Amino acid sequence: MSDIVIIGAGVIGLSAALRLQQAGHSVTIVAKDFPTPYESANKRALINYSSQWAGAHNRWILPTNPAEQREHGFSLTTYRHMEATMAKFPEAGITFMKGIEYFDVAPAVHGDLTEEQALGLGLEEFKRLGKQDFPDDKVTYGYEYKTWCLNPMIYCSFLLRQFHILGGKILSMELRDVNEAFLVKSLPGVQVVVNCSGIGFNDTAVFPTRGQTCLVSNPSAITYTRQYADGTWSFCIPRNFHGGTIIGGTKEPDNWDSEPSAETRARLLSNAAANYPTLVADGPLQPLGDIVGRRPTRRGGIRLEREEIPAGDIKGLQDDAARSIVHAYGLGGRGYELSWGVAEEVMELVKQRVSSRL
Ligand SMILES: Cc1cc2nc3c(=O)[nH]c(=O)nc-3n(C[C@H](O)[C@H](O)[C@H](O)COP(=O)(O)OP(=O)(O)OC[C@H]3O[C@@H](n4cnc5c(N)ncnc54)[C@H](O)[C@@H]3O)c2cc1C
């Protein structure tokens with residue numbers, strides 16, 4: 001019998017599920033979409049399954065306020081977890097490498113970061129770059145650090161496999177309402193549901209941030225990012241384990257267009273060739289396919305809290321005990337980067353409600 005149901009098999013649901021299992025809980029994942037090999041995934045049918053379409057790399061967002069400070073803590077927890085996972089399970093799809101960032105306009109805060117300050121923020125192998133390292137003279141600031149990239153569907157499939165091996169149960173279904181998770185006949189007596197649905201249920205603060213990228217077959221040993229003066233981006237994320245390289249990308253709030261634009265693809269590829277010459281040292285970029293995904297973004301930030309449902313509020317339950325929902329959604333463009341910090345927080349929120357069998 002499961003004591004926890006998790007809605008969602010994206011990176012957040014899978015990470016939270018594993019963390020809860022480690023704490024001794026018996027967990028069932030209920031989800032509409034599950035990790036699917038990139039090559040055979042139906043791009044339209046899975047467009048809202050954000051984890052399927054991520055890069056994915058860790059780009060440090062240096063904190064400037066308490067909310068960012070909390071997220072920075074989550075990203076440091078994730079970084080350490082990725083290091084440990086890569087060492088123990090080389091097949092998990094994670095690679096550590098150099099990350100390089102270029103800025104046409106230096107950030108208002110941390111725009112003059114020293115190596116000592118970077119170390120204090122937990123960044124390893126941080127180094128400021130000089131003019132001679134920049135791709136052109138519009139770049140005014142830049143640095144490098146050690147970071148991780150992963151091949152998303154290799155990684156998510158790995159997490160799902162771990163979950164299954166540890167005795168986790170999986171139910172493939174679409175729910176119409178979050179409370180429906182308490183009413184599934186094959187899962188009687190569940191007291192806590194963890195909502196890792198990406199977008200939540202009827203949350204009006206949630207909106208998609210469209211991302212168009214292009215997968216190329218050219219390899220890269222470094223992950224790069226450039227932020228242009230007009231706020232647009234160029235990035236390159238190696239998908240090791242023979243997965244090619246992601247060339248990105250757009251960040252378009254509230255754009256629901258599911259079709260890739262040929263003009264955007266041409267701009268992304270030409271920017272990448274100009275910014276990262278080592279990518280094209282052995283020949284031009286070789287596109288394999290366009291990707292359009294939706295980052296589950298939320299005004300006000302991630303929803304990470306427990307909601308108590310009073311006894312009698314859920315119609316159709318066999319008993320009249322109160323129930324709890326732990327919400328963990330609205331990760332926007334940072335789901336992978338923050339995943340293990342969020343999973344840790346989910347575990348704490350659950351722990352205050354139900355004790356495990358350990
Ligand atoms: C182009 C692109 C590039 C990105 N790059 C990065 C990156 O480099 N680094 C990074 O950290 N992040 C990146 N992201 C963001 C990242 O992909 C998301 O933040 C992350 O995948 C969110 O994970 P999630 O588990 O919350 O949601 P999702 O992956 O969307 O998973 C939601 C799960 O809930 C299930 N579900 C939803 N509704 C229901 C329902 N009603 N009934 C049953 N099941 C339901 C779905 O089937 C799915 O299993 C990128 C995203 C895009 C689109």
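Q: Let's start with Thr-297: buried or exposed?
A: Thr-297 is buried, at a relative accessible area of 18%. Buried means under 20%, exposed over 50% and partly exposed in between, using a 1.4 Å probe and protein chains only.

Q: What kind of model is this?
A: This is a predicted model, where local features need pLDDT of at least 70 and side-chain atom pairs count only at pLDDT 80 or more, while totals for chains, interfaces and linings use all residues. Residues are numbered from 1 along each chain as its sequence is written, and side-chain values use heavy atoms, with hydrogens and water left out.

Q: OK, back to Thr-297. Which strand is Thr-297 found in?
A: Thr-297 sits in strand E13. Strands (E, at least two residues) and helices (H or I, at least four) are DSSP runs, numbered from the N terminus.

Q: And which residues does Thr-297 touch?
A: Leaving out residues up to four places away in sequence, Thr-297 touches Ala-205, Val-206, Phe-207, Pro-208, Thr-209 and Gly-332. Touching here is contact, meaning heavy atoms within 4.5 Å. With Thr-209 there's also a side-chain polar contact of 2.7 Å. A polar contact is a pair of N or O atoms within 3.5 Å; within protein, one must be able to donate a hydrogen and the other to accept it, and residues adjacent in sequence count only if both atoms are side-chain atoms.

Q: How many residues of strand E13 are buried?
A: 10 of the 12 residues of E13, which runs over residues 287-298, are buried.

Q: Which strand does E13 pair with, and in what sense?
A: E13 pairs with strand E8 (residues 206-216), antiparallel, over 11 bridges. Two strands count as paired if DSSP finds at least two bridges between them. Pro-208 stands opposite Pro-296 in E13.

Q: Switching topic: in what order do the six strands of the open sheet come?
A: The order is E6-E2-E1-E7-E15-E14, with mixed pairing. At the edges are strand E6 (169-172) and E14, and each of them pairs on one side only. From one strand to the next, the twist averages 20 degrees.

Q: How many bridges link E7 and E15?
A: Four: strand E7 (residues 192-195) and strand E15 (residues 323-329) run parallel there. Asn-195 has His-327 in E15 as its bridge partner.

Q: Now helices. How far does H2 reach?
A: H2 (residues 66-88) has 23 residues and covers 33 Å from its first C-alpha to its last, close to the 33 Å expected at 1.5 Å a residue. The expected span is 1.5 Å times one less than the number of residues.

Q: What's at the start of H2?
A: There, a side-chain oxygen of Asn-65 comes within 3.1 Å of the backbone nitrogen of Ala-67.

Q: Which residues in H2 are buried?
A: Glu-71, His-72, Phe-74, Ser-75, Leu-76, Thr-78, Tyr-79, Met-82 and Thr-85 are. The elements covering them include strand E3 (94-103), strand E5 (141-150), helix H4 (152-165), strand E14 (303-309) and helix H6 (335-351).

Q: How many aromatic pairs are there?
A: A search of the whole structure turns up 12. In the Trp-60 and Tyr-79 pair, the ring centres are 5.3 Å apart and the planes are at 45 degrees, so the pair is tilted. Rings of Phe, Tyr and Trp (its six-membered ring) pair with centres within 6.5 Å; planes under 30 degrees apart are stacked, over 60 edge-to-face, and the rest tilted.

Q: Where in the chain do Trp-60 and Tyr-79 lie?
A: Trp-60 is in the loop between strand E2 (27-31) and H2, and Tyr-79 is in helix H2, 19 residues apart. Both Trp-60 and Tyr-79 are buried.

Q: What about Phe-103 and Tyr-141?
A: Their ring centres are 5.6 Å apart and their planes at 40 degrees, so this pair is tilted. Phe-103 is in strand E3 and Tyr-141 in strand E5, so the pair ties together parts 38 residues apart in sequence. Phe-103 is buried at 4% relative accessible area, and Tyr-141 is buried at 3%. Together with Phe-126, Tyr-143 and Tyr-145, Phe-103 and Tyr-141 form one aromatic cluster.

Technical notes
Axes are lines fitted to C-alpha atoms, for helices over the stretch in contact, and angles run from 0 to 180 degrees between N-to-C directions.
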